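Me: Let's go through this one together. Start wherever you like.

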Amino acid sequence: MAQVLVVEDDQFVRSALIRYLSQEAHGVRSVGTALEALREVAQHPFDVVILDLGLPDLDGGEALKMLRGISDVPVIIATARDDEAEVVRLLNAGADDYVTKPFSGEHLGARLSAVLRRTRGRTTGDVLQCGGLRIDIRRREADLDGTPLNLTRREFDLLAFLASRAGAVVPRREILAEVWGQAYGDDQTIDVHLSWLRRKLGETARQPRYLHTVRGVGVKLEPPA
């Protein structure tokens with residue numbers, strides 16, 4: 001069961017989504033505008049947001065940017081636009097997945113389940129330790145030399161995934177698939193998040209401590225020598 005916010009101005013589509021998600025035992029709230037969505041996300045904890053792009057008050061792409069400014073809640077874009085460049089842009093802007101209208105409830109349910117599996121992380125209570133870096137998977141907390149790291153959800157997912165493969169060079173395509181859930185994408189997405197992570201780990205690309213880029217191959221996390 002998940003707490004889902006549906007952001008959709010078409011009453012017919014909105015009702016159908018609410019009916020399907022409720023039948024699947026999810027808790028559902030719904031709004032018809034971007035501003036209402038921002039208010040809901042600020043006031044309530046959601047597991048996922050289903051965001052329509054054609055909203056009456058604000059383009060969904062702009063709404064996504066504003067959502068990312070206040071929350072790391074997973075976002076599934078629901079769109080009638082099937083332009084690949086637009087889809088890639090939205091994924092790089094922070095969307096976790098997308099569905100193209102018209103779609104079935106079963107299709108949406110599969111996408112929703114996949115996003116929840118990725119973002120909820122493993123629940124085994126595993127704690128990853130790599131040098132002075134400690135990552136608690138279940139609590140979704142990380143600290144470096146005893147100092148807590150203030151990470152976004154995506155930064156945590158990236159760091160945890162690399163730490164789970166510590167010492168190995170992880171190909172960029174594998175990082176995109178496991179952390180972003182994308183079979184394709186812009187390498188700049190990874191580079192930007194690595195840059196943010198390095199800053200929080202007190203290192204740079206030229207003087208790495210934990211995160212090492214292997215040009216043309218991928219990324220390796222290992223403790224300082």
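**Working through the model**

Reply: Arg-140 is partly exposed, at 26% relative accessibility. Buried is under 20% relative accessible area, exposed is over 50%, and partly exposed is in between (1.4 Å probe, protein chains only). The model is predicted, so local features need pLDDT of at least 70 and side-chain atom pairs pLDDT 80 or more, while totals for chains, interfaces and linings use all residues. Residues are numbered from 1 along each chain as its sequence is written, and side-chain values use heavy atoms, without hydrogens and water.

Me: Where is Arg-140 placed?

Reply: In the loop between strand 7 (133–136) and strand 8 (141–144). Helices (H or I, at least four residues) and strands (E, at least two) are DSSP runs, numbered from the N terminus. Arg-140 also has a positive phi of about 55°, though it is not a glycine.

Me: And what does Arg-140 form a salt bridge with?

Reply: Asp-157, with the closest N and O atoms 2.8 Å apart. Asp-157 lies in helix 6 (residues 153–164) and Arg-140 in the loop between strands 7 and 8, so the pair ties together parts 17 residues apart in sequence. A salt bridge here is a side-chain nitrogen of Lys or Arg within 4 Å of a carboxyl oxygen of Asp or Glu.

Me: Asp-157, buried or exposed?

Reply: Buried, at 12% relative accessibility.

Me: How many salt bridges does a search of the whole structure find?

Reply: It finds 17. One of them joins Lys-101 and Asp-52, whose closest N and O atoms are 2.9 Å apart. Lys-101 is in the loop between strand 5 and helix 5 and Asp-52 in strand 3, so that pair ties together parts 49 residues apart in sequence.

Me: What about the exposure of those two?

Reply: Lys-101 is partly exposed, with a relative accessible area of 23%, whereas Asp-52 is buried at 6%.

Me: What feature does UniProt place at Asp-52?

Reply: The unreviewed UniProt entry gives "modified residue: 4-aspartylphosphate" for Asp-52. UniProt positions follow the numbering used here, feature names are shortened, and annotations may be inferred rather than shown by experiment. Asp-52 is in strand 3, which covers residues 48–52.

Me: Which residues does the "domain: Response regulatory" annotation cover?

Reply: Residues 3–116, again from an unreviewed UniProt entry. The end C-alpha atoms of that span are 11 Å apart, and the span is 48% helix and 21% strand.

Me: Back to Lys-101. Which peptide bond from Lys-101 is cis?

Reply: The one to Pro-102, with omega near -5°. Pro-102 is in the loop between strand 5 (97–100) and helix 5 (105–120).

Me: Moving on, what is phi of Ala-25?

Reply: Phi of Ala-25 is near 75°, positive in a residue other than glycine. Ala-25 is in the loop between helix 1 and strand 2 (27–31), and it is partly exposed, with a relative accessible area of 43%.

Me: Next is Ile-76. Buried or exposed?

Reply: Buried, with a relative accessible area of 0%. Ile-76 is in strand 4 (residues 75–79). Ile-76 and Ile-50 are 26 residues apart in sequence, yet 4.8 Å apart in space, C-alpha to C-alpha.

Me: Last one: what does Arg-172 form a salt bridge with?

Reply: Asp-191, with the closest N and O atoms 2.8 Å apart. Arg-172 in helix 7 (residues 172–180) and Asp-191 in helix 8 (residues 187–201) are 19 residues apart, and the pair links distant parts of the chain. Elsewhere, salt bridges that share partners join Arg-68, Asp-96, Arg-140, Arg-153, Arg-154 and Asp-157 into one network.
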